[in-house]
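Please consult the sequence and the model shown below.

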Amino acid sequence: MNSDQKIKVVILGSTGSIGRQALEVIDLHADKFQVTGLAARDEWEELLEQIDRYRPAAAAVNDGEAYKHLREGTAGKLKLFNGVEGLSELAALEEADLVLIALSGAVGILPTMAAIRAGKKIALANKETLVAAGEIVMETAAAYNIDIIPVDSEHSAIFQCLGVSPQAVKNIWLTASGGPFIDFSQEQLQKVSVKEALKHPNWKMGPKITIDSATMMNKGLEVIEAHHLFQTSYQQIKVVLQPESIIHSMVEFIDGSFLAHLGVADMRIPIQYAFSYPLRYNSPAAHLNPLELSRITFVPPDHKRFPSLELAYHAGKTGGTLPAVMNAANEVAVNSFLNGQIGFASIPVIVEKTMNKHENMEARSLENILMADQWARNFTEDLITREVK
Ligand code: MG
């Protein structure tokens with residue numbers, strides 16, 4: 001393949017866990033994929049190393065200081081963009097074929113919309129964008145005839161199991177590992193440290209999603225993500241704990257058939273599939289040996305100890321701007337937990353308080369969604385400052 005035929009990839013969030021693993025996938029298939037754009041939040045040193053290695057046509061950061069360093073470090077060798085507008089410009093880069101959205105948080109909304117409007121194929125690893133703005137994003141993608149291929153392991157699994165019969169779905173079974181505190185009592189959950197919460201038993205991930213996995217808000221966000229991606233009602237989306245993380249999700253069809261996706265817990269598999277779809281290539285990930293599997297267990301989630309899942313079902317079913325508010329409050333609360341300002345058990349309490357104070361608006365306008373997101377961030381920050389005093 002000459003370089004004109006290679007798929008040209010933009011990675012938003014290239015210094016994060018998903019972004020780095022995406023670069024490993026591209027390294028392995030350098031005959032098929034080529035990096036044409038890289039963006040990070042503020043990790044300019046690592047971004048400079050990546051630019052040196054992959055020689056993209058453009059790069060962006062979402063931080064003024066980092067932008068200065070990037071400009072000095074690259075000396076006019078490539079196009080540079082700054083801020084959320086810059087991420088959006090990079091997402092719409094003319095030479096790009098495919099955009100991997102691997103940013104963390106609702107900051108992904110505008111770049112995702114920009115990539116869709118520019119006609120790019122989307123590999124979506126940024127669930128917060130669909131949680132906050134799912135209706136608009138999916139409607140716009142349909143209007144522009146754009147495929148959004150999920151990277152989230154559960155949604156990649158469902159996408160693959162749906163195959164040619166998406167109209168015959170009875171239920172979607174989202175599996176959850178249960179996180180590191182699956183067996184903790186409510187008292188134990190009160191005393192959880194940041195270090196303990198950052199230790200996920202099965203998956204290697206960034207800090208925000210690892211904390212979300214520990215509170216089970218991650219699964220709640222994924223329920224809303226599945227609702228938008230697969231156009232299924234909330235009643236049809238079930239959550240079940242599968243602590244060994246072998247089954248990545250299942251689809252139950254109207255004829256009683258279940259299709260499940262099994263594999264090792266390695267994000268390079270769903271990242272690569274989003275790049276190669278509908279083809280499959282060999283992967284650096286290990287393969288399962290079914291003979292070595294001792295057992296696959298299923299356990300119902302405990303809503304008392306992990307109230308975040310119910311909050312997400314409530315937000316999703318209510319609709320409007322409430323999911324955006326829940327997501328923004330959660331981003332702030334998780335950040336405050338990581339900074340040591342609040343305890344682990346306070347995260348869902350703060351999210352719920354913010355949700356209760358929100359005056360819901362319709363979510364068919366991006367302005368409403370961004371306004372609700374900003375309101376929730378301000379409200380949650382005030383709440384935390386008052387409670388910490
Ligand atoms: Mg997931």
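A charge is taken to sit over a ring if NZ of Lys or CZ of Arg is within 6 Å of the ring centre and within 35 degrees of the ring normal. Lys-32 provides such a case, its charged end sitting over the ring of Tyr-281 at 4.4 Å from the centre. The model is a predicted one, in which local features need pLDDT of at least 70 and side-chain atom pairs count only at pLDDT 80 or more, whereas totals for chains, interfaces and linings use all residues. Residues are numbered from 1 along each chain as its sequence is written, and side-chain values use heavy atoms, with hydrogens and water left out.

Aromatic pairs

Rings of Phe, Tyr and Trp (its six-membered ring) pair if their centres lie within 6.5 Å; planes under 30 degrees apart are stacked, over 60 edge-to-face, and the rest tilted. The structure holds 9 aromatic pairs. Two tilted pairs are listed here.

| Pair | Centre to centre | Angle between planes |
|---|---|---|
| Phe-33 and Phe-275 | 5.5 Å | 50° |
| Trp-173 and Phe-258 | 6.4 Å | 40° |

Secondary structure follows DSSP runs numbered from the N terminus, with helices (H or I) of at least four residues and strands (E) of at least two. Phe-33 belongs to strand β2 (residues 33-40) and Phe-275 to helix α12 (residues 268-276), so their pair ties together parts that are 242 residues apart in sequence. Trp-173 lies in strand β8 (residues 169-176) and Phe-258 in strand β11 (residues 258-262), so this pair ties together parts 85 residues apart in sequence.

Relative accessible area is called buried under 20%, exposed over 50% and partly exposed in between (1.4 Å probe, protein chains only). Phe-33 and Phe-275 are buried. Trp-173 is partly exposed at 23%, as is Phe-258 at 42%. One aromatic cluster is formed by Phe-181, Phe-184, Phe-337 and Phe-344.

Metal site and loop residue

Asp-152 (OD), Glu-154 (OE) and Glu-222 (OE) coordinate the magnesium ion at 2.0 to 2.1 Å. Donors are N, O and S atoms within 2.8 Å of the metal (3.2 Å for Na, K and Ca); water is not among the atoms, so sites may look incomplete. Along the chain, the donors of the magnesium ion follow the spacing D-x1-E-x67-E. Asp-152 is buried at 9% relative accessibility, and Glu-154 is buried at 8%.

Ser-245 occupies the loop between β9 (237-241) and β10 (247-253) and is buried at 7% relative accessibility. Apart from neighbours within four places in sequence, Ser-245 is in contact (heavy atoms within 4.5 Å) with Ser-177, Asn-202, Trp-203, Gly-263 and Ala-265.
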